[in-house]
Amino acid sequence: MTNPHGTPIWYELITGDPDAAGVFYAKVIGWQRGETPGSTTDGSGGYQVYAAPDGQGVAGMMQIPEGAPPEPRWFSYVGVDDVDAAAAKIAAAGGSIQMPPTTMEGVGRMAMVTDPQGVPFYVMKGASPEASTAFKRMAPGHGEWNELQTSDDQAALAFYGEQFGWIKDGAMPMGPMGDYTFLSHDGGVIGAVMKVQGGKPPHWNYFFRVGGIDEAKERIEANGGAVVDGPHEVPGGDFVIYAKDPQGAAFGVVGSR
């Protein structure tokens with residue numbers, strides 16, 4: 001992939017029921033099931049690829065691998081120039097390597113890592129000659145926002161800035177909760193960092209663009225999901241919902257009213 005180093009390039013759900021999850025997200029976000037790039041996974045249902053209404057790939061879904069924690073969850077992939085060098089640099093900065101750099105024929109080279117606060121994500125250099133548009137703000141069905149809730153927001157800002165060139169782009173004070181610090185990369189805002197609340201472990205939240213937020217809320221609830229928080233208005237006039245899918249994986253949607 002030709003995206004600049006540090007670009008969010010893919011989203012991935014591991015879940016106990018990829019087929020049911022795919023049906024849910026198709027109804028809620030408008031994704032279409034697409035062709036699988038490269039080989040399938042270890043035979044447990046294969047790897048399902050989903051595209052936004054414009055036909056561009058956004059996310060993959062797969063069965064929770066054997067030996068992995070049983071909770072369903074979303075991950076993101078960050079595009080890098082050199083996966084081996086990126087993984088080594090992350091480990092040297094206090095992160096860890098959960099899956100060593102691995103090449104998947106026709107797909108690319110990737111590694112699963114964590115930041116120093118223990119939050120997992122992937123780094124990847126895709127094999128495609130085309131740039132990824134999985135993250136594309138204001139585009140229906142695409143990734144819209146990447147939100148890190150962490151135990152040490154200042155350390156996280158320094159870490160991701162050093163690894164990927166993400167820069168602070170202003171902040172919104174939230175009283176006792178601290179600042180909601182915006183992140184920019186390659187000339188555009190990609191998300192934000194805040195202190196995790198309520199005793200939860202540090203984690204990433206991923207939000208996808210939908211149309212009307214109230215209609216999205218109805219679709220989430222009508223198809224077996226749950227609204228955890230929201231809709232809440234955010235700067236710029238959009239509204240966000242924190243939700244869970246029927247299998248319990250946390251995700252978010254962004255829309256208008």
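1. The model is predicted, so to speak of its local features a pLDDT of at least 70 is needed, side-chain atom pairs count only at pLDDT 80 or more, and totals for chains, interfaces and linings use all residues. Residues are numbered from 1 along each chain as its sequence is written, and side-chain values use heavy atoms, with hydrogens and water left out.

2. Strand 1 (residues 8–15) has 8 of its 8 residues buried, so the strand is largely enclosed by the rest of the structure; buried means under 20% relative accessible area with a 1.4 Å probe, protein chains only. Strands here are DSSP runs of E of at least two residues, and helices are runs of H or I of at least four, numbered from the N terminus.

3. Strand 1 runs antiparallel to strand 5 (residues 73–79), to which 6 bridges join it, and tyrosine 11 stands opposite serine 76 of strand 5. With strand 4 (residues 57–63) the pairing is parallel, over 5 bridges, and there glutamate 12 has glycine 60 as its bridge partner. Pairing requires at least two DSSP bridges between two strands.

4. Helix 2 (residues 83–92) packs against helix 3 (residues 153–164) at an angle of about 155°, their axes 10 Å apart, the axes being lines fitted to C-alpha atoms over the stretch in contact and the angles running from 0 to 180 degrees between N-to-C directions. The two helices are therefore roughly antiparallel, a term for angles over 145 degrees.

5. In the contact between these helices (heavy atoms within 4.5 Å), Ala86, Lys89 and Ile90 of helix 2 meet Phe159, Glu162, Gln163 and Phe164 of helix 3.

Conventions
Buried < 20%, exposed > 50% of the residue type's maximum accessible area, 1.4 Å probe, protein only. Parallel < 35°, antiparallel > 145°, perpendicular 65-115°, else oblique.
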